[in-house]
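Thanks for coming, everyone. Please look at the slide, and I will walk you through a few spots.

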Amino acid sequence: MSQFDDPVVISCSISGVIANREQCPAIPYTPEEYAAEARRAVDEGASQIHIHARKPDGTPSYEIEDFEAITAAILAEVGDVIVNYSTGAIGIPIEKRIEYLRACRPDVAALNMSSMNYAKYSPRRKDFVFKAVFENSFDTIIEFLTAMRDLGIKPEHECFDAGHVANLDPLIDMGLLDRTPLQVSLVMGVNGGIRPTARNVATMSEQIPGGAEGENQWQVIGISRDQWKLLGAALVLGGNVRAGVEDNLYLPDGEMAKSNGELIAKARQMAEDVGRRAASVEEARELLGVPAREAAAPPGA
């Protein structure tokens with residue numbers, strides 16, 4: 001591990017819900033597979049695990065029991081890591097997504113910051129692989145944010161364009177966001193969102209309240225193979241980074257990753273190459289303003 005004094009929080013997007021085993025054998029389906037992938041990621045420097053639940057057959061799940069089983073397996077394997085749940089979905093009622101937050105109480109939950117077209121386009125096919133309208137109105141945002149405040153869950157504000165970052169401003173003014181540091185994620189590379197360029201990393205990071213070097217924490221989430229140049233830009237500019245098979249299946253040389261651990265190891269190496277080091281879980285909790293988990297049985301135990 002690097003001995004540099006500038007820690008970076010490395011998050012692992014451990015599964016996602018779109019890709020499947022036919023596309024990448026490393027994608028976990030069962031709680032035991034999630035736990036094994038979490039171990040590989042944490043051993044390579046990840047301090048936060050972002051969870052989309054799946055059923056053991058690989059289909060996406062929004063059921064409490066699946067989040068419970070996956071979380072319990074991960075915590076039993078790695079001891080302590082920041083647990084981060086997705087709340088994003090199309091066609092799943094808001095209350096159902098709040099139910100698993102209420103039941104499992106993760107440390108952090110993703111909070112998408114605007115409605116948008118959400119798509120993946122294939123130049124080879126001359127057609128969209130998928131396309132949908134991703135609804136995240138202010139009413140939806142406020143409902144999630146109110147629930148997270150009541151449950152003591154830290155929101156992770158996922159912003160797919162510069163205007164999404166600006167949506168933080170009224171929430172701060174309303175007093176709905178009064179716990180600093182904010183955790184802001186700049187999601188880049190989705191059709192419908194901002195273009196995945198290093199210049200746009202700089203542009204979006206400067207829009208964060210307080211600026212890129214202020215008290216709030218930010219990370220870059222790079223989608224698909226543009227990921228590595230985006231993470232490189234974030235590391236140089238002082239941001240945190242996320243890697244994992246939800247976001248990108250390939251290493252920089254074009255080889256498919258055999259595990260989340262391989263992707264996290266590359267992100268950690270990049271951090272060290274620019275004079276930074278992977279934050280420990282304890283350091284990540286302090287940087288992100290996420291309290292230590294109370295000594296209790298993990299969800300589902």
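Is Asn240 buried or exposed? Buried: its relative accessible area is 3%. Here buried means under 20% relative accessible area, exposed over 50%, and partly exposed in between, with a 1.4 Å probe and protein chains only.

A word on the source. This is a predicted model, where local features need pLDDT of at least 70, side-chain atom pairs count only at pLDDT 80 or more, and totals for chains, interfaces and linings use all residues. Residues are numbered from 1 along each chain as its sequence is written, and side-chain values use heavy atoms, leaving out hydrogens and water.

Back to Asn240. Its side chain reaches the backbone nitrogen of Val9 at 2.9 Å.

Now the rings. Rings of Phe, Tyr and Trp (its six-membered ring) pair if their centres lie within 6.5 Å; planes under 30 degrees apart are stacked, over 60 edge-to-face, the rest tilted. That rule gives 8 aromatic pairs. Why is the pair of Tyr118 and Phe130 stacked? Because the planes sit at 20°, with the ring centres 6.1 Å apart. Phe130 is partly exposed, at 26% relative accessibility.

Tyr118 also pairs with Phe134. That pair is edge-to-face: 5.6 Å centre to centre, 75° between the planes. Phe134 is buried, at 6%.

Last, charges over rings. The rule: NZ of Lys or CZ of Arg within 6 Å of the ring centre and within 35 degrees of the ring normal. Arg21 lies over the face of Tyr29, 4.0 Å from the ring centre. Arg225 lies over the face of Tyr250, at 3.7 Å.

Terms used:
Polar contact = N/O pair within 3.5 Å; in protein donor to acceptor, adjacent residues only side chain to side chain.
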